Amino acid sequence: MRLADLIGATVTDSAGAEIGHVSDVRLVEDTGPGSTPGLRLRVEGLVVAERRRARLLAYDHRPVDGPRPLAWLTGRAVRHAHWAPWECVAAHQRPTALGERGTVRLNKTLDQLTPLARAHQEWHR
């Protein structure tokens with residue numbers, strides 16, 4: 001699987017309802033026994049944005065504290081975004097043709113996912 005197959009993919013919940021699209025993919029270093037740090041990355045989870053035209057402009061990576069207008073704008077940008085840990089991904093259907101979007105099916109519903117703003121707080125403790 002390629003990251004390009006995930007970014008922009010349509011996301012459906014456990015009932016098959018469309019809940020948004022993949023806005024970003026969070027990767028972490030694989031630091032298991034015998035691995036060399038920095039050489040292997042694994043997918044930790046997906047940022048799911050409810051609206052396709054919403055662009056988070058990398059503000060989904062970390063919270064913005066200031067200046068105040070920028071913090072307000074980024075808060076609005078991420079208010080409809082959710083965090084889906086990789087364990088929530090039940091299946092992934094690759095795009096059938098170049099330029100089409102794939103589909104990611106989750107094993108949870110949208111209201112069971114963590115809002116992205118709360119995930120930020122957990123990541124940056």
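## Salt bridges and the model

A salt bridge here is a side-chain nitrogen of Lys or Arg within 4 Å of a carboxyl oxygen of Asp or Glu. Let's see where such pairs occur in this predicted model, in which local features need pLDDT of at least 70, side-chain atom pairs count only at pLDDT 80 or more, and totals for chains, interfaces and linings use all residues. Residues are numbered from 1 along each chain as its sequence is written, and side-chain values use heavy atoms, leaving out hydrogens and water.

The whole structure holds 3 salt bridges. Asp5 pairs with Arg94 at 3.4 Å, N to O, and with Arg2 at 3.9 Å, N to O, so that Arg2, Asp5 and Arg94 are linked in a network. Asp5 is buried (under 20% relative accessible area), at 6%. Arg2 is exposed (over 50%), with 54%, and Arg94 is exposed at 54%.

Arg94 lies in the loop between β5 (89-93) and β6 (103-106), and Asp5 in helix α1 (residues 3-6), so the pair ties together parts that are 89 residues apart in sequence. Helices (H or I, at least four residues) and strands (E, at least two) are DSSP runs, numbered from the N terminus.

## A bridge between strands

Arg26 and Glu44 form another salt bridge, with their closest N and O atoms 2.6 Å apart. Arg26 sits in strand β2 (residues 18-29) and Glu44 in strand β3 (residues 41-49), 18 residues apart. Partly exposed means between the buried and exposed cut-offs; Arg26 is partly exposed at 26%, and Glu44 is partly exposed at 25%.

Conventions:
Buried means under 20% relative accessible area, exposed over 50%, partly exposed in between (1.4 Å probe, protein chains only).
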